[in-house]
Each structure stands twice: as C-alpha cells, then as structure tokens.
Amino acid sequence: MEITERRTADVVTLSLSGELDTTTAKAFEAAVLGRIESGDRRFIKEPVREVFDVAGFSTLFPVHQSHEEALQKV
C-alpha cells in the first residue's frame, strides 16, 4: 500500500494505492495520527470510509461522499 498526500490550503487529501487490509491498516492509522499530531485537522479520505468506521475515525471527523463535496464543506 502506498499513501499519497495532496494539500489544498489547510486540507489534506490522503489517497491510497494497493490493498488496505489488516496488514496495512496500522501504517494508514500511523500516517493519519502523524498528520493529526502535526496539527492537521481537515482531511479528505479517498476512498477509505469503511476503514474510518472500523477505526473510529468517522466519529471524530466528518465523512463526505466525494473530494468536491468535502472541499465545499470546509
């Protein structure tokens, strides 16, 4: 799995390529937590809603259906 980061102002878009499963979920979690520790608070998650639901992140962050919708909401 490879995580690609894109920034638009103070919004971080994280894109994944490859498999996101129990083996790679820890790396994704570490990447997100690292961004949070660095002060980032606005994320766009392409397309990892199920993982956010399982990890509990969707209770901490709003989740939107598309990149465009998320940018409109922030």
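Four salt bridges are found in this structure, which is a predicted model. Side chains of opposite charge can pair when their charged atoms come close.

Start with arginine 7. Its side chain meets that of glutamate 5 in a salt bridge, with N and O 2.9 Å apart.

Arginine 7 has another partner. Aspartate 40 forms a salt bridge with arginine 7, and the closest N and O atoms are 2.9 Å apart. Arginine 7 sits in strand β1, residues 2-8, while aspartate 40 lies in the loop between α1 (25-37) and β3 (42-46), so this pair ties together parts that are 33 residues apart in sequence. Aspartate 40 is buried, because its relative accessible area is 12%, and buried means under 20%.

These contacts belong to a network. Salt bridges link Glu5, Arg7, Arg35 and Asp40.

Now turn to arginine 42 and aspartate 10. Their side chains meet in a salt bridge, at 3.6 Å from N to O. Arginine 42 lies in strand β3, and aspartate 10 in the loop between β1 and β2 (11-17), so the pair ties together parts that are 32 residues apart in sequence. Arginine 42 is partly exposed, with a relative accessible area of 36%. Aspartate 10 is partly exposed too, with a relative accessible area of 43%.

How values were computed
Residues numbered from 1 in each chain as written. Predicted model: local features only at pLDDT ≥ 70, side-chain atom pairs only at ≥ 80, totals over all residues. Heavy atoms only, no water. Helix = DSSP H or I, 4+ residues; strand = E, 2+ residues; numbered from the N terminus. Buried < 20%, exposed > 50% of the residue type's maximum accessible area, 1.4 Å probe, protein only.
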